[in-house]
Amino acid sequence: MTELYWTDHAAWPLLASLQLLPLAGAALLLRLGEGPLPAWLGRGIAALELLLAILLYDRFDVHAAAYQFAEYLPLPGPFAYHVGADGVTVLFVLLGALIVFLLSLYSLVRGLHQETRLIATLLAVEGLMMVQLCTFNLLWLVAASALELALVGYLVGHWATSPQKDLATSRFYRFQGLGQLMLTAGVLVLGWAHRDHFGGGWTFDLLDLASQPLTPRLAALCFFLLFYGLGVRTPIFPLHGWLPTVARHGNVALAPALLLGVKLGLYGLVRFVFPLLPEAVEAWSPFVMGFAATGVFYAALLALQQTNLRALIGFAVVSHTSLAMVGLFALDPVGLQGGVLLAANFGLAVTTMMLMTGLVYRRTRSTRLDRLGGLFDRIPMIGLTFFIACLAIVGMPGTPGFDAAHLVLEAAIHQFGALPSVGAALGNVAAAGFLLWAFQRAFLAPAPAARAAPVERATGLEWFIAGVLAVVLLTAGFHMAPWLDLVEAPMRALAGRFGHV
Amino acid sequence: MSDVLTPLLLLYPAGALAAWLPPRAEQARMLAVGVHGLALILTAAVLAGFDPHQTGFQMVARTAWIPGLGIDYAVGVDGISVLFLPATVLLFLGVHLASWHVRQLPRLYHSLLLLQAGATLGVFCAVDTLLFFLFWELSLLPFYFLASLWGAGPHRNYAATQYTLVMLAGGVPLLFGFLLLAFNQAAVNGLGLPAGLSFDLIRLLDTPMPADLEWTVFLLLLLGFAVKMPVFPLHTWLPLMAMEGPVAAVSLLTGLKLGAYGLIRFAVPLAPGAAQDMHWLLAGLGTFGLLYGAVAALAQTNLRALLAYSGLSHVGLVLLGVAAFNLQGVQGAVLQLVNFTAVAGGLFLMSAFLHQRLGSTDLLALGGVAHTMPRLAGFFLFFVLAGMGLPGSSVFPAEFMILMATLQTHTGAGLAALFGLVLGAAYFLNLYRRAFLGPVGNATVAVSRDLRPRELGLVLVFALLILFFGLFPTSLLEVIRPAAEAWVARLS
């Protein structure tokens with residue numbers, strides 16, 4: 001794909017401001033110290049970032065199959081600053097900015113300690129996320145990714161809800177550390193191969209690396225390393241070991257929403273791995289499909305056995321991410337579109353579920369299913385929003401999950417035949433099973449006898465958070481066309497690399 | 001002609017939102033009745049504007065919905081679907097009236113019913129297969145809540161989840177069937193995916209299809225609709241829901257046979273060759289369901305379970321009418337489905353009246369109802385007789401046509417159906433004797449009051465409709481006929 005410079009569409013470098021604003025905001029907040037005013041300033045910055053993301057979407061030309069808003073700054077050696085956005089980037093930038101904005105409001109509702117520091121951390125994570133979304137330079141990707149995960153680990157430990165937080169953080173760092181190591185190694189091998197082949201200086205730029213020929217063995221090695229690194233992040237079966245522990249013992253909503261809401265692992269696959277290693281991707285796709293198919297059912301089965309809502313959602317994520325993988329690795333335009341949209345849909349839906357669970361936790365101080373129940377009478381809006389998110393995950397018509405899942409199934413029928421596709425669709429019904437069951441236990445079942453007083457009704461801010469999420473899910477569900485348009489051109493171009501037009 | 005169907009469909013979600021506005025929760029029910037009143041006016045406008053001499057879809061409104069995938073918002077009615085609109089609105093109105101004094105969360109209850117009504121009407125109006133699928137799935141959700149929160153039985157949560165899961169699983173083959181049809185469309189017009197996809201029923205009906213694909217599509221659609229009908233052995237959710245679900249609202253499941261409608265509307269016309277090849281399957285499922293439902297109904301000791309099984313039996317008869325693949329058969333089948341809304345729906349609403357008074361519809365709690373509630377007993381008898389197909393009721397012409405058609409094409413099945421009707425008389429009359437006649441066996445029955453004016457008005461309207469269309473069935477049959485003729489013409 002070609003590049004269009006930012007001067008074509010915007011008055012100022014939009015991508016740079018998207019990355020710098022939250023980082024600068026985080027630094028400012030840390031300097032100001034604790035207090036209600038800095039916290040509100042942080043929320044304002046998060047809101048501003050969301051506006052910038054919307055502006056980016058507004059200026060973005062969906063019909064041009066080119067990277068847009070590109071910026072280039074020659075920094076010494078292989079560290080050149082090079083960014084650009086395609087439709088997928090815009091989609092994920094919007095999603096990330098929305099999620100962080102809502103999280104900053106959520107922190108107010110929950111009344112967590114050291115609020116300003118929390119919001120500063122959120123903003124820093126957001127900035128690093130934007131770096132990963134926008135950059136073409138794989139070194140930048142690796143560095144930002146490592147920093148982001150370190151910060152999220154801090155978030156998990158510092159604002160944990162369980163005394164076993166050390167277990168959660170150590171597991172998180174061990175899994176992610178290994179993943180990062182693999183990712184770094186893969187990136188270095190790619191850069192080394194480029195220098196070996198073309199000579200000259202080191203480069204880690206996606207557009208340079210994409211043109212280099214790799215021997216099949218080397219390509220396979222790189223694919224394995226990158227796939228492992230991104231797979232741990234996503235997470236996909238069988239690299240998901242950290243998720244249930246972190247979900248259960250870490251924060252209720254903060255870290256899970258950041259990690260699972262914006263599925264950077266899948267984004268990395270589409271943006272970097274697919275264009276860089278098309279042959280290896282094609283060669284290894286049957287194995288990935290095998291893992292994905294197993295993951296759908298394995299995680300669904302485990303989810304059914306959970307007694308804790310948070311762990312249940314954790315396994316549900318693994319199950320659904322596998323379905324998105326099925327779409328991506330079908331490697332045709334329809335499947336790629338479906339996979340990317342499904343990743344965004346699941347991200348939004350899971351964030352919604354986590355946030356609603358957090359609002360419930362605020363009242364019950366527990367997410368154990370046997371301690372919940374009797375909530376729907378008291379907090380119907382929170383329950384309804386949770387339910388809408390369940391439906392989005394299941395792929396019910398009227399939610400963004402439907403069109404995305406339906407694209408994935410269309411691609412799957414074509415690539416793998418009807419039978420495996422029916423299997424995947426039934427896996428989705430299994431997912432519906434455990435989500436409906438969990439929803440019923442948590443919200444509709446009678447309140448447990450041990451609960452002394454009825455739970456507090458929703459505050460205005462809670463209504464706002466739940467309402468925004470419900471409205472976004474439903475409008476995107478009933479009016480999917482703009483999102484389809486957004487990812488169509490880049491995914492068609494990408495599919496071209498795999499011989500599909 | 002301007003679009004009437006879209007306002008009708010939009011009215012309900014708007015009403016569901018508006019139900020949260022009135023200051024007192026009880027006022028939500030008045031608002032719901034008002035919404036249905038408006039809807040009745042709109043459906044009257046639809047009927048008035050409907051040209052019964054035309055074969056195709058009328059009042060079609062179409063807008064591109066997801067152009068990238070070839071999905072349209074397209075609604076329209078023809079002779080097969082138009083009668084279901086007023087019938088649906090009436091039945092929903094009946095449900096609101098029958099659960100007038102719902103205590104728990106009344107606002108939510110009435111707004112969920114309104115949403116369900118909108119989705120159900122959408123099922124009857126949709127002309128795009130994916131729009132149909134949207135409404136089909138949307139109609140599950142309000143019911144999930146209705147059953148979970150207002151179910152009458154102790155296992156309501158289980159019943160609600162089971163119902164929703166079974167229906168979602170049934171949706172999978174439907175979706176695949178529709179996708180295969182769209183793929184075929186893309187292959188025929190030579191455009192790639194997703195540009196060539198079309199889910200438009202009118203266009204799909206004109207697209208030729210290879211024979212083996214037709215078989216697959218028919219079997220997928222049949223499977224999807226069979227779950228909803230329900231057909232033996234996929235019926236287990238219905239008796240469970242009848243016992244555990246919200247009593248008044250379950251009449252929507254027994255009264256509106258969406259599965260059978262789907263079979264007539266989509267499965268057979270879209271795969272006519274395969275459907276005809278598999279006439280034995282349809283007739284076999286129909287006969288078996290008819291007899292099984294009747295025998296099972298004989299063994300029931302609870303009014304609601306009995307009505308659920310009798311519904312199973314009735315839908316078997318409809319299947320037989322479809323399997324005949326001639327004009328009489330399909331006309332009878334559609335007429336019978338429309339009748340059900342009043343007869344089966346009415347019977348269930350009346351058992352809701354009983355349940356409200358006695359807290360149970362078990363035969364142990366009944367007995368001698370006719371002494372203290374003569375009007376209720378009288379109307380119940382009328383509906384029971386109508387359900388048995390007594391001449392003078394609108395069920396009679398429908399059953400007669402189906403039987404005539406079946407005796408011509410599947411003589412054995414027709415004879416079995418006759419036997420099934422005798423069984424039907426047996427279980428209905430036996431039930432009636434035990435529940436309504438005899439001495440008053442229960443103290444609650446002795447002190448219960450007869451039909452209130454609101455309830456009386458409701459059953460009176462239903463009864464008059466049954467009587468009127470029993471005496472003048474041609475008025476309905478003429479509406480159905482052109483579309484039914486077109487339906488039959490596709491088969492040859």
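## A tour of the chain A and chain B contact

Start with both chains on screen. The contact draws 36 residues from chain A and 34 residues from chain B. Keep in mind that this is a predicted model.

Now colour the interface. Together, chain B and chain A bury about 3,100 Å², and 80% of that is on carbon and sulfur atoms. Next, select Tyr144(B), Phe145(B) and Phe176(B). These residues of chain B lose the most area to chain A, together 18% of what that side buries.

Colour the chain B side by residue type. Its residues divide into 28 nonpolar, five polar and one charged.

Look across the interface for pairs. Between chain B and chain A, zero salt bridges are found. Five residue pairs are in polar contact, both residues at pLDDT 80 or more.

Last stop: Ser394(B). Select the loop between helix H18 (374-387) and helix H19 (395-409) of chain B, where Ser394(B) is found. Is Ser394(B) buried or exposed? Ser394(B) counts as buried, because its relative accessibility is 2%, under the 20% cut-off.

Show the side chains here. That of Ser394(B) makes a polar contact with the side chain of Asn339(B), at 2.6 Å. Leaving out residues up to four places away in sequence, Ser394(B) touches Leu335(B), Asn339(B), Ile466(B), Phe469(B) and Gly470(B).

Terms used
Residues are numbered from 1 along each chain as its sequence is written. Chains are lettered from A and ligands numbered from 1 in the order in which they are written. This is a predicted model: local features need pLDDT of at least 70, side-chain atom pairs count only at pLDDT 80 or more; totals for chains, interfaces and linings use all residues. Side-chain values use heavy atoms; hydrogens and water are left out. Contact means heavy atoms within 4.5 Å. Buried area is the accessible area (1.4 Å probe) that two parts lose on being put together, summed over both. A salt bridge is a side-chain nitrogen of Lys or Arg within 4 Å of a carboxyl oxygen of Asp or Glu. A polar contact is a pair of N or O atoms within 3.5 Å; within protein, one must be able to donate a hydrogen and the other to accept it, and residues adjacent in sequence count only if both atoms are side-chain atoms. Ala, Val, Leu, Ile, Met, Phe, Trp, Tyr, Cys and Pro count as nonpolar, Asp, Glu, Lys and Arg as charged, and the others, Gly among them, as polar. Helices (H or I, at least four residues) and strands (E, at least two) are DSSP runs, numbered from the N terminus. Buried means under 20% relative accessible area, exposed over 50%, partly exposed in between (1.4 Å probe, protein chains only).
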